[in-house]
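Welcome! Here is a short tour of a protein model, written for someone meeting it for the first time. Take a look at the structure, then read on.

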Amino acid sequence: MATFTARTISDDDLPAWHALWDESPRFLAQHPGYFSFAPTRAASAFGVWSGDRLVLAIAFHLLPLRGATMWSAPLFASFGGPLVSAATLALTGLAAERFWRDALEALDAELPASADIVEMLFPPGCHDARPLVWKGWEARPHYNYVSAWKEAGAWRHAMESSARRQERKALAAGLTPIVRNASETDGLARLWRLNAQRNKLDEELAAPLAELGAWLAREERGFLVEIANSKGEPETAALVGFDEHRVYYLAGASDPECLGSGAPTLLQTSILAEIDRRDLPKYYDWVGANTPGVARFKRHFGPELETLIAVRRTGRKARLIETGRRLLRP
C-alpha cells in the first residue's frame, strides 16, 4: 500500500504541479497559474505525495469572513481542487476508495489547525469526500448550471420567451455588445465597485479581477464582453474564461442605475454567440446556482443543473463567532 505524505507546495514543486495538471482533465480553475491573479490576497497550496510523485494538489485563497479567515475555493470559479490525474479519477472500487481515503487523510493532517474555515469545492468526477466527513468536515451539495449544445446557435432553442423579450428590448434601446481582450477589465471593475454595496459584494475584488484578466490574456484562455449604451459606456460586463471542456462566466457586474434595460440578458446571449464564433467548447458553465435570484435569472436560458460536492471544516474561533452572532440577533 502506498504511503502518502503532505506538505506545502514550494516554488521548487511548481514543475510537478504543472505536470499533474497536464495529466488531469485540465480544468481552468485547477491550473497552478489561476491563483497568481490575487497579489493582494494571501494564498496557500498543498500537495500530497506518493514517494516523490505528486498525486494531489489543492490551492486556497485566504479571505476575511466576519472576523475570521476563510481558506476559500478559487475565487470566481464554480469549483477547484483537489487536483488529481485523469488516471486517478478513472479508478474504481476499492482502489478508488483507498486512494481518496489515504490522500485526503494526509491532506487533512497537513492543513493548519489554526485555519478558521477551510472550504473545498470538488470538481466534476470527484465525488468521494467521505474521508473528510469522517474527520469532522461538513459536506453539502453545491449547485451549478451548465448549458450544452451541438450546432452553432442551438443554445437559442433553450431560451425562455422572457429572455428573448429582454434581448430584443436591449437591442431596440441601442445597446451594443463589445468583445474585448480579457485584460481590458477597467469597465468591469468600475461596475463591480458600483454594485458592491447594493449586492453585498467585496469591493476589494475589483483589483484581483484585473490580475485575473491579465493572466487569462497571457494564457489566451479568456475574453471580456461589455454591453455599451449609445455613449459607449458599459451598462454590464463579464469576464469569461475557457479550457478544453468548458467556457466559464467567471465574473460579471451591471450598472445598478440601469436595471430593467435588458443588458444582462444581451450580455449572456453575446457571450454564447462569441463561444460559437471562436469555436470554443459548446459547454457553458454559469458558475453557480445557489441563491434564488441568481438561479431565477440563469434559468431563463434553459441550462441543466449540475450538482457538485462542497466540504467545509470550521474551527473553534469561527464557531464561537457564529454562536455569538446568533445570540446577539434580536
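## A buried glutamine

Gln268 has a relative accessibility of 2%, so Gln268 counts as buried (under 20% relative accessible area; exposed is over 50%, partly exposed in between, with a 1.4 Å probe and protein chains only). You can find Gln268 in helix H8, residues 263–278 (helices are DSSP runs of H or I with at least four residues, strands are E runs of at least two, both numbered from the N terminus).

This is a predicted model, where local features need pLDDT of at least 70 and side-chain atom pairs count only at pLDDT 80 or more, while totals for chains, interfaces and linings use all residues. Residues are numbered from 1 along each chain as its sequence is written, and side-chain values use heavy atoms, leaving out hydrogens and water.

## What surrounds Gln268

Setting aside residues up to four places away in sequence, Gln268 touches Tyr249, Tyr284, Trp286, Phe297 and Phe301 (contact means heavy atoms within 4.5 Å).

## The largest nonpolar core

A nonpolar core is a set of buried Ala, Val, Leu, Ile, Met, Phe, Trp, Tyr and Cys residues joined through side-chain atoms within 4.5 Å. The largest one here has 43 residues, and Tyr34 and Phe76 touch the most other members. Helix H7 gives this core its largest share, five residues.

Beyond its neighbours within four places in sequence, Tyr34 is in contact with residues including Phe76, Leu212, Trp215 and Leu250.

## Helix H6 under cover

Among the buried residues of H6 are Leu188, Leu191 and Trp192. Their cover includes H7, strand S8 (222–228), S9 and S10.
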